[in-house]
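Reader: Hi! I have a model open on my screen and would like a friendly tour of it. Could you walk me through some of its parts?

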Amino acid sequence: MCMGELQQPILEIETKRGNRYKPQGKRYLIVIGTIIIIIALIVAGMSYYQATRFNSKIMVNNIQVGGLTADKAINKLSSTKLTNRVYIGEELILDENETEMAFSDQDKSEIKKLLKSQWTFFPSFEEKNYWLIPKNKDEFRSETLPKQLEEKLQSLNESLKAPEDAEVKLVGGKIVVSNSDHGEQYNIAAILKDFKKQKYTSEIHLQPVFTQPIAEDSPIIKEEESKYRDFLARTVDYKVQDKVYTLKASELIKDASISKDMKVTITASDIKKKIDEINQSQSTLNKNFTFKTHSGKVISVKGQGYGWALDVEKEAALVQKAFEKETKSISASNIYGHGWTNEGIGYETTKNNGIGNTYAEVSIADQHIWIYKNGKLVVNTHVVTGKHSTGEDTSPGVWYILFKRTGYTLTGSAVGKPDYAIKVNYWAPFTNSGQGFHDASWRTNWAGNAYLSDGSGGCVNTPPSVMKMVYDNLDTYDPVVIY
């Protein structure tokens, strides 16, 4: 009985299940299809949303555009204010009036490119910041603000300590490198260059850059030191008459500087001292000449009108310029003496102790003259020199022929003759005071001792018969040795 009761319900359930099977399968398919459609719609909507809007954490030029379409992003960018604050490091340098970003509809295509490039199928929370420069030029940012920044930096630099470059100089004959000092001034060019590289954003933050000095160990300083070493190796061959002196910069130059274009400026040296030494050893002005007379006797005769010396001041300047210009050799050119116009006489003459082999020799004791040409005696004659009794003696010394004249009138004064004018046929003076060789047709006393009480007013009276020969064998600048 119990078994029968149990079998009947089971059959009913199976029957029921068999009867309900097909209707329940259709409903299932409908539900699944509905779910798929809903998902597709959601995916399509999501895809459309993602394709038309920026991801949530996207920025353009530091401006949040997450969730915005391209149109709304452009509107937000173009209406955003730029504070125009410029910082160098932590310091606010400029705080200018606000201006609007220069974005416009012309930039929409670039915004769309950004929108496309940042697209992800599913929403992304990755932070990204894109940078754009508007197509419309922002004149305030590109022209006005950098100019204001430059002016501000220039103003600040005026009160800041300037850097000091290391320098190379020649001091006391040694190459010395001074220390550099960094100073506090801004490197305006570098900061402005950094400004141009900045992103187009509200505030501008620049790195502080300071003007750097040339350091002691820099290649520039090493090159400068090399220039000074090269300079100290310079020499100048300095020729005085027939002698050449090799002057060395390393021995003579004490203080000097060399510019970047290799211009040398000497401020202290021993050049003048060296030229003075050369002058003292070689010049003849106011010195005694060693002279061998016609008889072979060697005497000493002081230079008077004849002789030369170096103008040490001018010659030192000449040598200094040669060192500065790297001139290899020069000849002395500033010569002076007791000549007619202060010229130095006898500089070109080096033979016979500076007198040469062409000269006139006058012996007061012998009352005689000898004229030599190139070492050969060409004229000799007795003469009458200045009157000894009245102190009008012909002046001893080494003189020279000032000039020559024929048909000349001598004027002047003498003891007992306050004013005179005497015509002579030949005149060859050798002192600036008016002593010289001339014929004396009026003279009758040609005795060897006539000069003692019946001599001339200082000239060398020469017999008229030989005066022309004397005149013809005397040339301007020939030495006249009187003793």
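**Strands, a helix and salt bridges**

Author: Happy to. Let's begin at one residue pair: Ile-371 has Val-379 of β22 as its bridge partner. Keep in mind that this is a predicted model.

Reader: How do β21 and β22 pair, and over how many bridges?

Author: β21 and β22 are antiparallel, with six bridges between them. They form a hairpin with two residues between the strands, and Asn-374 in that turn has a positive phi of about 55 degrees.

Reader: And what about β20 and β21, how do they pair?

Author: β20 and β21 also pair in the antiparallel sense, over five bridges. Tyr-359 stands opposite Tyr-372 in β21. Four residues lie between the strands of this hairpin, where Gln-367 takes a positive phi near 50 degrees.

Reader: Which strand does β20 run parallel to?

Author: That would be β28, residues 479–482, which is joined by three bridges to β20, residues 359–363. In this pairing, Val-362 faces Ile-482 of β28.

Reader: Nice. So what is the strand order in the sheet?

Author: The order is β22-β21-β20-β28-β23, an open sheet of five strands with mixed pairing. β22 (376–382) and β23 (397–400) are at the edges with a single partner strand each, so one side of each has no neighbour in the sheet. On average, neighbouring strands are turned by 20 degrees against each other, direction ignored.

Reader: Which helix packs on the sheet?

Author: Helix α11, residues 464–472, does, touching β21 (368–373) and β22. The direction of α11 makes about 150 degrees with that of β22.

Reader: Changing topic: how many salt bridges does the structure hold?

Author: There are 17 salt bridges. One of them joins Lys-272 and Glu-313, with the closest N and O atoms 2.9 Å apart. Lys-272 is in helix α8 and Glu-313 in helix α9 (residues 312–325), so this pair ties together parts that are 41 residues apart in sequence.

Reader: Are those two buried, partly exposed or exposed?

Author: Lys-272 counts as partly exposed at 42% relative accessibility. Glu-313 has 52%, and because the cut-off for exposed is over 50%, Glu-313 counts as exposed.

Reader: What about Lys-274 and Glu-277?

Author: Their side chains meet in a salt bridge at 3.9 Å, N to O. Both sit in helix α8, three residues apart, so about one helical turn separates Lys-274 from Glu-277. Lys-274 is partly exposed at 30%, and Glu-277 is partly exposed at 41%.

Reader: Which residues are linked in a network of salt bridges?

Author: Arg-85, Asp-95 and Glu-203 are.

Reader: Last one: which residues make the nonpolar surface patch?

Author: The patch covers about 1,100 Å², and its residues include Tyr-28, Leu-29, Ile-39, Val-43, Trp-119 and Phe-122. Ile-39 belongs to helix α1, residues 2–52, and is partly exposed with a relative accessible area of 45%.

Key
Residues are numbered from 1 along each chain as its sequence is written. This is a predicted model: local features need pLDDT of at least 70, side-chain atom pairs count only at pLDDT 80 or more; totals for chains, interfaces and linings use all residues. Side-chain values use heavy atoms; hydrogens and water are left out. Two strands pair if DSSP finds at least two bridges between them. Axes are lines fitted to C-alpha atoms, for helices over the stretch in contact, and angles run from 0 to 180 degrees between N-to-C directions. Contact means heavy atoms within 4.5 Å. Patches are made of residues with over 30% relative accessible area and no salt bridge: like charges are joined within 9 Å, nonpolar side chains (Val, Leu, Ile, Met, Phe, Trp, Tyr) within 5 Å. Accessible areas come from the Shrake-Rupley method with a 1.4 Å probe; for residues, only the protein chains shown count as cover. A salt bridge is a side-chain nitrogen of Lys or Arg within 4 Å of a carboxyl oxygen of Asp or Glu. Buried means under 20% relative accessible area, exposed over 50%, partly exposed in between (1.4 Å probe, protein chains only).
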